[in-house]
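Let us walk through this model together, one contact at a time.

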Amino acid sequence: ENPLQKTSTCSSVNASGIFVSPYALNLSSFTKLIKRLQERHPEFSKQEIVKAVQELRKINKGVLSGLAISSIEEKTSAIL
């Protein structure tokens, strides 16, 4: 058996024919979240905010999907 035949990918090609990495699909939501948190907590650096979001993910069993952005923002603010 060829193991490459069993390999699947979640990447996609958008309507313009441009390859989209599966890791970039939620990048705009993440960027918006970080921007909102920076506006809400100007006393924290971007690095500290990202670390708090990562801590929330860890607390939430490794995932943030399924949570509303506002919920993630509130919970991250509590960590900060």
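Leaving aside residues up to four places away in sequence, Thr-76 touches Leu-37, Ile-49, Ala-52, Val-53 and Leu-56, where contact means heavy atoms within 4.5 Å. Thr-76 itself lies in helix α3. It is buried, with a relative accessible area of 0%; here buried means under 20% relative accessible area, exposed means over 50%, and partly exposed covers what is in between, with a 1.4 Å probe and protein chains only.

Before going further, a word on the ground rules. This is a predicted model, so local features need pLDDT of at least 70 and side-chain atom pairs count only at pLDDT 80 or more, while totals for chains, interfaces and linings use all residues. Residues are numbered from 1 along each chain as its sequence is written, and side-chain values use heavy atoms, with hydrogens and water left out.

Now for the overall layout. The protein has 3 helices and 2 strands, and from the N terminus on they run β-β-α-α-α. Helices (H or I, at least four residues) and strands (E, at least two) are DSSP runs, numbered from the N terminus. Of the 80 residues in the protein, 19% are buried. The accessible surface comes to about 6300 Å², and carbon and sulfur atoms hold 55% of that; these areas come from the Shrake-Rupley method with a 1.4 Å probe, and for residues only the protein chains shown count as cover. If you take the contacts between residues at least 6 apart in sequence, 39% of them join residues at least 24 apart.

Not counting residues up to four places away in sequence, Val-53 touches Phe-30, Leu-33, Ile-34, Leu-37, Leu-64 and Thr-76. Val-53 is also part of the largest nonpolar core, whose 9 residues are Leu-33, Ile-34, Leu-37, Ile-49, Val-50, Val-53, Leu-56, Leu-64 and Ile-72. A nonpolar core is defined as a set of buried Ala, Val, Leu, Ile, Met, Phe, Trp, Tyr and Cys residues joined through side-chain atoms within 4.5 Å.

Lys-61 is found in the loop between α2 and α3, and its phi is near 60 degrees, a positive value in a residue other than glycine. At 79% relative accessibility, Lys-61 counts as exposed.

Which residues are linked in a network of salt bridges? They are Arg-36, Arg-40, Glu-73 and Glu-74. Side chains of opposite charge can pair when their charged atoms come close. A salt bridge here is a side-chain nitrogen of Lys or Arg within 4 Å of a carboxyl oxygen of Asp or Glu, and a search of the whole structure finds 3 of them.

Glu-73 and Arg-36 form a salt bridge with their closest N and O atoms 2.6 Å apart. Glu-73 lies in helix α3 (residues 69-79) and Arg-36 in helix α1 (residues 27-40), so the pair ties together parts that are 37 residues apart in sequence. Glu-73 is buried at a relative accessible area of 7%, whereas Arg-36 is partly exposed at 39%.

Arg-40 also forms a salt bridge with Glu-73, the closest N and O atoms being 3.3 Å apart. This pair links α1 and α3 across 33 residues. Arg-40 is partly exposed, with 35% relative accessibility. Between Arg-40 and Glu-74, the closest N and O atoms of the salt bridge are 3.0 Å apart. Because Arg-40 lies in α1 and Glu-74 in α3, that pair ties together parts 34 residues apart in sequence. Glu-74 is partly exposed, with a relative accessible area of 45%.
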